[in-house]
Amino acid sequence: MRHALFAILLIAGTAPAQMKKFLTKPLVIEDQGSFFIGGVPKVTNYATAPPPNAPGQAPAPNQIMIGQMYVQFEIPQNKKRNAPPVIMVHGSSHTAACLESTPDGREGWYPYFVRKGISTYLVDQAGRGRSGFDESVINEGEATIRNGDQSKGLAMIPSVARITDNGAWTNWFGHLIPQGSTILTGTLIQHGDPGDPPADAAIHGSGYRPAYPLTSVDAKVASREGALGPAPSGPNNDFALEYYKQLVPNSEVTLPGSTCSTCDPKEISPANTWTPEDLATLVEKLGGAVVATHSQSGIMGHHMVRILKERGHLDMLKGLITIEGSCSLPNSGLSAEDFDNIPYLALKGDYTATSPVCQTTVDAINARRAAGHGTAKAEYIKLDELGKPIFNGTTHMMMLGTNNLEVADVILNWSDENIPPRVRSSKKH
């Protein structure tokens, strides 16, 4: 009995394996939580698929919600005086997870901004991640095909795209060589490896590496344990990045699109229909906010500005930050005049070319300021032109890079210099 008791105490006293700390130091918050915003009800006969034992059963009408947006937030206990809240929006094939922490377990922009005294809100784009998507369009298309109208049914089912693992690699971290090969016949190389195209070497120099946690890999994935399909030719570790687990399908294509009479083109995609609408509503709900977008969501931020303008609430947007995304004003039905009183920042790292559209937008906004028509400053910050080694190799996914907090400081410092303090208190949610 004594031996059994000793064994129980020994087991109970054995400390479980602990994960490393993600935060740089303790984070003190006043409040945190999540909620949904926006969306509309949809009554459909195809909310669920018919049971397999009754394929001919007539579908029943049901109501579902579509177009809503998931929001999570943290409010710091020690708030920066009169600082407006910040809303962060992820890009294609991602969710808000990319803003929470890094693939190698370091502090992300979300807690870092809160640590700096900024109330911070993250969203999953409408139709993506925790915001959900509209499964009824897929079910209805499949039902139409089963009922004999294949061409009509196929046309109803949207094509769902995503960023692939090797697609992320070749877009941001390196190349697949030789040119024209596939992952089954070619080899992944990192920027700075032998075999880099001459154009890369000419731009970045020899030995230039992505500032990204490319050594953070899942050993089981690298060994192809449980893998489906043929094995890529390698290197295995390059196909096993922890980062790849964040990538999800762009399921917002299941939502309906819209039209905009002032936009060019006038047909608006589902992605640029629902998230901008929900973002505008969130800005209003918060009583004003700064919005920071990334990549695919860059143009969503601009459509959000248009919607706030249409609602007469343009003054509630305290700043717009576009990180390696589209800055097009005509596409979103805007003009430089709309930013007379809205500070505007475009930001890029090393691996993305300078955007002529972003430069044109920034120049147009500043031209009005120079002519005395506006007070807000626009700026296009190119990290590769700052002359600071810490920014060498900054990739498109800069919020997850090894220098992610230094990049965050660039955004925070710009905000301090250009975003006026709030003059009135705001509603939280």
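Analyst: A salt bridge here is a side-chain nitrogen of Lys or Arg within 4 Å of a carboxyl oxygen of Asp or Glu. Glu 379 and Lys 377 meet that rule, with their closest N and O atoms 3.7 Å apart. The model is predicted, so local features need pLDDT of at least 70, side-chain atom pairs count only at pLDDT 80 or more, and totals for chains, interfaces and linings use all residues. Residues are numbered from 1 along each chain as its sequence is written, and side-chain values use heavy atoms, leaving out hydrogens and water.

By this rule the count is 18 salt bridges.

Accessibility comes next. Buried means under 20% relative accessible area, exposed over 50%, and partly exposed in between (1.4 Å probe, protein chains only). Glu 379 is partly exposed at 25%. Lys 377 is partly exposed too, at 30%.

Now take Arg 130. Its salt bridge partner is Asp 124, with the closest N and O atoms 3.0 Å apart. Arg 130 is partly exposed, at 38%. Asp 124 is buried, at 0%.

Arg 306 pairs with Glu 310 at 3.1 Å between the closest N and O atoms. Both sit in helix H9, residues 298-310. Helices are DSSP runs (H or I, at least four residues), numbered from the N terminus. Arg 306 is buried, with a relative accessible area of 9%. Glu 310 is exposed, at 53%.

Key:
Helices (H or I, at least four residues) and strands (E, at least two) are DSSP runs, numbered from the N terminus.
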